[in-house]
Amino acid sequence: MPSEEGNASSQSSSGDTKRKVSIITEPVVERLGHDNLGFEQNKRKISQQSHHSEEGPARRKSHLHNNNFDTSSIHSDRYNGEAGGRAKKQSFSEALEKIERDYDNSRLEQSWIYSLCMRCRVEYTTPSWEPPGWQKICPYPLCPSYRQFARILSIVLIGVLLWVTAYVIIGDTAAPGGQLFQLVVLTVAANFGGFLISLTTLPRLIGMLMVGILFQNVGWVNLDGEFQIVTAELRKLALVIILVRAGLEMDPTAFKKIYKTILKLGLIPWFVECSLIAVCARFFLQLPWMWSILLGSIVGAVSPAVVVPCLFRLRTKGYGVVKGIPTLIIAVAGIDDAVSVAGFGIISSIMFSTQSLGLQIAQAPVCIIGGLGFGVVWGFLCKYVPEPGDAYVVPIRTLMLFGGGLLAVFGSEKIHFEGAGPLGVVFAAFTASYFWCGQGWELEDNPVSTAFEIFWMIFEPILFGITGASIKIAELDPHIVSIGVGSIYVVAIIRILTTVAIAFGDKLNVKEKIFVAISWMSKATVQAALGPVALKTVMSNENRTEEEVHYAELVKMVCILSIILTAPLGAILISVTGTKLLKKTKQQLEPMDGWRRSHRPSLHDISIIDEEEEREDIEGIADEDTAANTLSNAQTAAAFTITK
């Protein structure tokens, strides 16, 4: 028998030598959900040297493929395995019914109902169990999976048990119609409203805020009176969670590499926006200078709750990951929030302090040094307590960090140095994360961060629900609202232009600078947490004046307006302009196994490189297997040529 080489030689003698082209097709991965419809995992790869390289979705099979419908049965009689036996011939009407059913299924897959149901489903990486007959009662994908149903049912049961316990202990406040019961209903409704809004790719907090506004102005909720003390404390708890998450997101190693860029883009635009808001509030809203600066320090903060989900979707599709733009934006947002909260604390300490002038002047340095000192000491303590090999190291470290944050915020308020608390929380989380990473934990897979994500899932609807419920549309002054709207938008545009102007030397092109600047216009978390704080502080003072109450209400109103005006617009602009202004590279995130937090951008993968170092054909990056096959084909072709 002649060898394959001989056959190849004989073929090459009759014509041109033919080169083998290796085609690698990745195995089709069966997905249970479509969390990321814009990114197709299955790609067909062709040899690197071929000019007909193709990249796109894997070829779909016909709806009749592997179907119960046997197409051969409508043509001729078929015999089964038994001798002389004839299979039952399928009637034309039955075949037509199956074809129509298959056609209806294909139409269903193309309908908006099917797409909506697929967006609501969750992809699982662990095996799931469901009772027999579940698919008949709840067909896929029009109904939730049993795991989703069981999770929702368990949450409902836990909520009912907690409510019954609270009713037995507290009494009428937790009864239907009581303020605690109204808060629970508002939180549940805000969570559902956030879920509905998330289906439109907008951040969940928009729906939560709108639900709060609706409940307040329809008359379904009333959280005024003595219950404002409870809502104020809940805001502080949410603030601690926000600050801890900001500290855990910052990577010390990457911070050392590009700290100049982070500080420049984080501090200068914030200072410009804070100053402009203060000037507008002083001359247009007639606020005193201290109240104006207080308002500017709040409004200048960027909201990670808006930025992170939008940038995550862009990052999973490969936009901007070559230069680490999504992670750079989030890093600067964390620095921005820390500066805003610290500035608010220092200014409020000076404003509401009853101490002497000398002590008021000493507020700023004492708050900064005290906050930094507490954060470093507490973070260093979290390195050794508990012992790293302890079986309960994750929950204990979580409680240590959360307890330290509560102590910093509430303790600093008690000693009238409110500015030290937020700084202490951020730097405690930052220092602890630095030591934990040195002990083997990864920045993007920190189990303590997972715990605080769960905390945020609980407190997010509470924070934005009660923030929206504080807006009474009938009491809004149209003149004040118009001035606030104009000031917020004008200052936002000036901040964007300032960011583009100062981003020189950061190796970003003009489009990328514009996108980075647009991403920092969204306001939400800090404004919701700190906006009503000044009003609560004034109302708790027995010697308050009507003017102080009016100033505090103006601060709260402008903060809420900044959320309503910038959060939806910022989310839309990030999603729309990201695909236009950023370069796309081939990027795919590996699925996470077990109970681990979702992939989110962090400082860990920041790598701003020179423009000339970028590859021109980023999307055509070939993998190692394809390159190896191409090299093997080239060597084989050369061997054939020599043999010939």
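Are tryptophan 456 and phenylalanine 464 buried or exposed? Both tryptophan 456 and phenylalanine 464 are buried. Welcome to this structure, which is a predicted model. Below is a short tour of its nonpolar core, its ring pairs, one of its helices and a lysine.

**The nonpolar core**
- The largest nonpolar core holds 120 residues, and the members that touch the most others are Trp291, Leu295, Leu401 and Phe515.
- Helix 23 (residues 546–581) supplies the largest share of this core, with 16 residues.
- Take leucine 401 for a closer look: once its neighbours within four places in sequence are set aside, its contacts include Val244, Leu248, Trp378 and Cys382.
- Leucine 401 is also in contact with Ala428, Ala429, Ala432, Trp436, Val448 and Phe452, again leaving aside neighbours within four places in sequence.

**Aromatic rings**
- The count of aromatic pairs comes to 21.
- One of them joins phenylalanine 402 and phenylalanine 452 edge-to-face, with 6.1 Å centre to centre and 65° between the planes.
- Phenylalanine 402 belongs to helix 16 (residues 393–414) and phenylalanine 452 to helix 18 (residues 447–468), so this pair ties together parts that are 50 residues apart in sequence.
- Phenylalanine 402 and phenylalanine 452 are both buried.
- Tryptophan 456 and phenylalanine 464, the residues from the opening question, also form an edge-to-face pair, at 6.5 Å centre to centre and with 80° between the planes.
- Elsewhere, Trp129, Trp134, Tyr146 and Phe149 are linked into a cluster by ring pairs.
- A charged residue meets a ring too: arginine 397 lies over the face of tryptophan 441, at 4.7 Å from the ring centre.

**Helix 15 and its two sides**
- Helix 15 (residues 363–384) has 22 residues, and the reach from its first C-alpha to its last is 32 Å, close to the 32 Å expected at 1.5 Å a residue.
- Its buried residues are Gln363, Cys367, Gly371, Gly375, Trp378, Gly379 and Cys382.

**A buried lysine**
- Lysine 236 is found in helix 8 (residues 228–249).
- With a relative accessible area of 14%, lysine 236 falls under the 20% cut-off, so lysine 236 counts as buried.
- Not counting residues up to four places away in sequence, lysine 236 touches Phe410, Glu413 and Lys536.

Key:
Residues numbered from 1 in each chain as written. Predicted model: local features only at pLDDT ≥ 70, side-chain atom pairs only at ≥ 80, totals over all residues. Heavy atoms only, no water. Core = buried A, V, L, I, M, F, W, Y, C linked by side-chain atoms within 4.5 Å. Buried < 20%, exposed > 50% of the residue type's maximum accessible area, 1.4 Å probe, protein only. Helix = DSSP H or I, 4+ residues; strand = E, 2+ residues; numbered from the N terminus. Contact = heavy atoms within 4.5 Å. Phe/Tyr/Trp six-rings, centres within 6.5 Å; stacked < 30°, edge-to-face > 60°. Lys NZ or Arg CZ within 6 Å of the ring centre and 35° of its normal. Expected span 1.5 Å × (residues − 1).
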